[in-house]
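Hi everyone, thanks for making time today. I'd like to walk you through one structure, so please have the viewer open.

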Amino acid sequence: MKIGNKTTSDIILGTFAMGGGTSWQDTTALDDELIQLMRDAYDLGITGYDTAPVYGTGRSERLLGAAIKDHREDVYISTKVCLNWRNTEGSFEYARDGYQVYRNFNRKSLIQDTYDSLKRLDTDYIDLMIVHRCPPIDCIKEVAETMNELKEKGLIKAVGLSNVGNVSDPIKVLDTYLQYGSLDLIQEKANILDRKNLDLLPYCEKHGIVFQNYGGLVSGALSGNINKEMASWKGDNRSGNRWFKGDNYLIVKDVIDQLTPIANHYDCSVPVLALSWLKAQSPCLSLLVGARRLSSIKDTLKVLDIHLSAEDIEALNEISRDANKRIKED
Ligand SMILES: NC(=O)c1ccc[n+]([C@@H]2O[C@H](COP(=O)([O-])OP(=O)(O)OC[C@H]3O[C@@H](n4cnc5c(N)ncnc54)[C@H](OP(=O)(O)O)[C@@H]3O)[C@@H](O)[C@H]2O)c1
């Protein structure tokens, strides 16, 4: 798939969990193992990697930089701006692992974020720079002009916004951004259990913007790897996910049960079926999937060989709509 002017693999590897720290409390892998995992993914055909400064406060970016050093031109790196732990300017976002993370949309801070990422990634340019949190309307002009400036300098090649679907009027944000700059991609949470952001697909199709999902496997919940213990992991990124809260995990289990016979029909796993359903939503959809195990990556790549029938897509749409109705927020 083409994002901006460069082509990347149809499946992008998410490296959030590889950053480690308490945001994924069952992560214990060593640096060398994770670098090898990123290289193994490349050998399997994955050329796109998504990272962010805050994924392990710099660790994910540093490991990625080391992993792709010998074939930089052949890979597609996306990282992010606006969340940093350099100082206390901007608005407080969260505290984790001894770091205080702040959200800052001003020009100087976004430029510094970019230079910090270039250094950690040990590269001269970033293929896609994503604004990690959706900027408030009154900051959009400054953000867009700063991204334009970074592009003109050749430090970034394409631009994305993330979590636009979290604000009350996403279309107004996107329309405003497009007044001041061009937008190659939005990165939004979307999966069979959380379908709301898919409402942005027609806008993306109309404006030639790639819609890249994150959380396509509900942070791993669709693998069946979810229980009450995880919901109690304070600070773990997944405990903030509504599907890990209260008894919602029972709905997840029920959805997995409904997906299983369809997955068996396609001779694939439930995660592969759920991702194939997502991919089928639009030609402008780019699949971003996180992993810490090579077996997960190998399995996920089977999505490329699955072609769901229109009938099965509709059956899955129905399961999705029903699950979205049953969700309890707490
Ligand atoms: N823009 C944002 O605000 C934002 C927010 C969150 C995430 N992201 C990005 O999106 C990426 C993906 O999101 P995510 O990591 O939160 O969640 P995800 O992709 O929904 O789930 C990742 C989890 O699914 C498991 N998994 C992957 N493939 C599997 C398979 N075929 N079978 C069974 N299990 C499988 C992995 O397990 P193992 O770990 O055991 O391999 C991993 O723990 C992140 O890494 C990050 O790059 C962006």
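Let me begin with how elements are named: helices (H or I, at least four residues) and strands (E, at least two) are DSSP runs, numbered from the N terminus. Residue numbers start from 1 along each chain as its sequence is written. Please keep in mind that this is a predicted model, where local features need pLDDT of at least 70, side-chain atom pairs count only at pLDDT 80 or more, and totals for chains, interfaces and linings use all residues.

With that, let's go to V289, which sits in strand β13. I call a residue buried if 20 or more other C-beta atoms lie within 10 Å of its own, exposed if 12 or fewer, and partly exposed in between, with C-beta atoms placed from the backbone. V289 has 24 C-beta neighbours inside 10 Å, so V289 counts as buried. Contact means that two C-beta atoms, placed from the backbone, lie within 7 Å. Leaving out residues up to four places away in sequence, V289 touches I11, L13, G14, G216, L217, L275 and T300. The C-alpha atoms of V289 and T300 are separated by 8.1 Å, and the two residues are 11 apart along the chain.

Now to helix α9, residues 270-279. Why do I call it largely enclosed by the rest of the structure? Because 10 of the 10 residues of α9 are buried. Among the elements that cover them are β12 (210-214), α8 (248-265), β13 (285-290), α10 (294-300) and α11 (310-326).

Take α8 as one of these. The axes of α8 and α9 come within 9 Å and cross at roughly 90°; axes here are lines fitted to C-alpha atoms, for helices over the stretch in contact, and angles run from 0 to 180 degrees between N-to-C directions. That makes α8 roughly perpendicular to α9, the classes being under 35 degrees for roughly parallel, over 145 for roughly antiparallel, 65 to 115 for roughly perpendicular, and oblique for the rest. On the α8 side, I256, L259, T260, I262 and A263 meet V270, L273 and A274 of α9. This contact divides into 7 nonpolar residues, 1 polar and no charged. For those classes, Ala, Val, Leu, Ile, Met, Phe, Trp, Tyr, Cys and Pro count as nonpolar, Asp, Glu, Lys and Arg as charged, and the others, Gly among them, as polar.

What about the core? A nonpolar core is a set of buried Ala, Val, Leu, Ile, Met, Phe, Trp, Tyr and Cys residues joined through C-beta atoms within 7 Å. The largest one here has 87 residues, and M38, M129, A274 and L287 have the most contacts inside it. Its largest share, 7 residues, comes from α9.

Next, the ligand. Which residues come nearest? Of the 29 around it, they are G14, F16, Y214, G290 and S296, where near means a C-beta atom, placed from the backbone, within 6 Å. The elements giving two or more residues to this shell are α9, β13 and α10. The shell divides into 10 nonpolar, 15 polar and 4 charged residues.

Last, some backbone angles. Most residues other than glycine have a negative phi. T57, in the loop between β4 (48-50) and α2, has a positive phi of about 35°. N163, in the loop between β10 (159-162) and α5 (170-180), has a positive phi of about 60°. N163 counts as partly exposed, with 18 C-beta neighbours inside 10 Å.
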